[in-house]
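Welcome to this guided tour. Open your viewer, get your selection tool ready, and follow along one stop at a time.

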Amino acid sequence: MAKKEFKAESKKLLDMMINSIYTHKEIFLRELISNASDAIDKLYYKGLSENNTGLAREDFFIRLEADRDARTLTVTDNGIGMSMEELEENLGTIARSGSLDFKENNEAKEEIDIIGQFGVGFYSAFMVSDKVTVNTKPFGGDKGWSWVSEGADGYSIAETDKADHGTEIILHIKDNTDEENYDDYLNQYHISGLVTKYSDYISYPIKMEMDSSRLKEGTGIKGEDGNDIPAEYESYKELRTLNSMIPLWRKNKSEITEEEYNNYYKEKFFDWTDPAAVIHTKAEGVVSYDALMFIPEKAPFNYYTKEFERGLALYTNGVMIMDKCADLVPEYFSFVKGVVDSSDLSLNISREMLQHDRQLKLIEKNIEKKISAELTKMLKNDREKYEGVFREFGVQMKFGVYDNFGQNKDKLQDLILFYSSAEKKPVTLKEYVERMKPEQEKIYYACGENTELIDVLPQTEAVKSKGYEVLYMTDTIDEFAVKTIREYEGRSFVNICTDNLDMDSEEEKEEIKKVNEESKNVLEMIKEALGDNVTEVRFTNRLNNYPVCLTSEGELTIEMEKALNAMPTSEKVKAQVVLEINAGHSVAEKLKNMSGDKDKLERYAKILYAQARMIAGLSIENPAELSNMICELM
Ligand code: ADP
Ligand code: MG
């Protein structure tokens, strides 16, 4: 039979189809299996709606067969098949979808889960094959047809003997090249892996003969003398079903055990530990979808690196479209893993991307609420577990408070925890505010390397001694987060190492003002000795036992200075630092009487400043000089 050319500018189109619309060659298998499943669906629905076909759902299957020697991979289905005209129409015209027509013309179109719609998937076979043969016979027809093509040149159709209805697609796989190991598509394990990856939830069994081995009959048993006879194995072919068919998320919650959820999670998301929580939801409305999500117990090793890719797997009609769709989860919940399955999405032609993101946005919004509700529930009902999750992912949530100019702070502020000086464990802002003393106006916090260091800060001791609770912030992001929150239930935050801490009574204020005025001279000399390091030196009466401390003035605290300067991009900043000297400490008396000895005062100033830095957990610029000065004094 004469060779025919593809219709509709087809050569160019086909070339494009084959080489540029898909990012991964391996999806050809997904496309062919999807077509097979569509063909079976059509016959199945025909049986339900028109006439009895004599076929039950269990009779249908898709079969894969790899032949290494012949270099062929065959995909067979016992679906509806194609007549000569249909072959011509569907495979001879690019971008013509017989499946879409079927769905449009069917009364029960709402219930039909047909996958095909663009009429291009089939040609993806040419990404991995240099020749494709399609043998098909329509259900109820008496003739079989064979369609053969080697790509853009065209195709030919001839009559063929085919016993059963359905379609058989034989791919002649290309030879290996430097870039691509086409042999993979002849390897049974690789093929089986692709089926699990993309087509696990196709609702008909996808079967393949696989090499297996078993104990040879009559071996591995005990001999008459009671000794073991060594076992002998033999290899044989076993017809296996590669797909699990029914997605766990489509089952009823009540039918799924905790173990099933956990096993699914560990298997699909490569984790050793059970998830901390499972979220399984079904939504119906503007967009309908099923979602099955997991909150891991432990952060993956690369979670806080650039390599980590967030996102949920996206399925439509049981076929995987994307394995990490980032648009489905907000960044602050990026640790959540799982799957979303919706048939309401408009896909682009390669079915690798989505056409509109309006539907996705809707789904993301709902999903975000579900995750937030689950975390809130855990915080309330299983505090210990929540603290564990927060230890792993809290930094991400706190970053979410700060990120995007605080746009999401309201959603997150009740989920974050800070270590409390009173409770000696992490607490929520709500719990802090509920415990506040009647006269307390602000939420006190302090920053440092770790809770032990913060606990012994002079300022912490001072605030604690007045009976107030202090939140200890040990992550770089913490102070940025509370500054973004600004006020929680009308209470503002104050870093107790800043001069905004207004805890003294009027008399106390007057008293210390007098002390400072009287020693103006000495204080100025100390300031001069310390140069740019401090913006002011003053006496204070809020330190109990410590001689000195550092306080910052203005918005930028010492901890923020450290964090900002550690970032590679931002400009270097400098906090305005005040050296505060304990007016009640014996060292204060000494300093006051030292105005006559400038040299000595200078050395004392440097030592005190260095001490204040050490107490705050900051580094000393010149430790050798400091050590010499101390020795001299000794
Ligand atoms: P789509 O699946 O998006 O419609 P394809 O290029 O994958 O586009 O397939 C084109 C058409 O060819 C299908 O719509 C269908 O009518 C027909 N077809 C493809 N594979 C089969 C098959 N295995 N059995 C019957 N018809 C098929
Ligand atoms: Mg298709």
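This is a predicted model: local features need pLDDT of at least 70, side-chain atom pairs count only at pLDDT 80 or more; totals for chains, interfaces and linings use all residues.

Two packed helices are described by the angle between their axes and the distance between the axes. Turn the view to follow how α13 and α16 cross: the crossing is left-handed.

Next stop: ligand 1. Select its surroundings and you will have 19 residues, the closest being N35, S97, G98, S99 and Q117. By class, this shell holds 6 nonpolar, 10 polar and 3 charged residues.

Let's look at some individual atoms. Pick the side chain of D77, where an N or O atom is 2.9 Å from a nitrogen atom of ligand 1. Then move to T167, whose side chain has an N or O atom 3.3 Å from a nitrogen atom of the ligand. At G121, look at the backbone instead: an N or O atom there lies 3.2 Å from an oxygen atom of ligand 1.

How much of ligand 1 does the protein cover? On its own the ligand has 530 Å² of accessible area, and the protein covers 97% of that.

To finish, highlight α2 (27-49), α3 (84-92) and α4 (98-104), the elements that give two or more residues to the shell. The largest share, 3 residues, comes from α2.

Note on methods: Residues are numbered from 1 along each chain as its sequence is written. Chains are lettered from A and ligands numbered from 1 in the order in which they are written. Side-chain values use heavy atoms; hydrogens and water are left out. A residue is near a molecule or strand if one of its heavy atoms lies within 4 Å of it. A polar contact is a pair of N or O atoms within 3.5 Å; within protein, one must be able to donate a hydrogen and the other to accept it, and residues adjacent in sequence count only if both atoms are side-chain atoms. Accessible areas come from the Shrake-Rupley method with a 1.4 Å probe; for residues, only the protein chains shown count as cover. Helices (H or I, at least four residues) and strands (E, at least two) are DSSP runs, numbered from the N terminus. Ala, Val, Leu, Ile, Met, Phe, Trp, Tyr, Cys and Pro count as nonpolar, Asp, Glu, Lys and Arg as charged, and the others, Gly among them, as polar. A crossing is left-handed if the near helix is turned anticlockwise from the far one by less than a right angle, and right-handed if clockwise.
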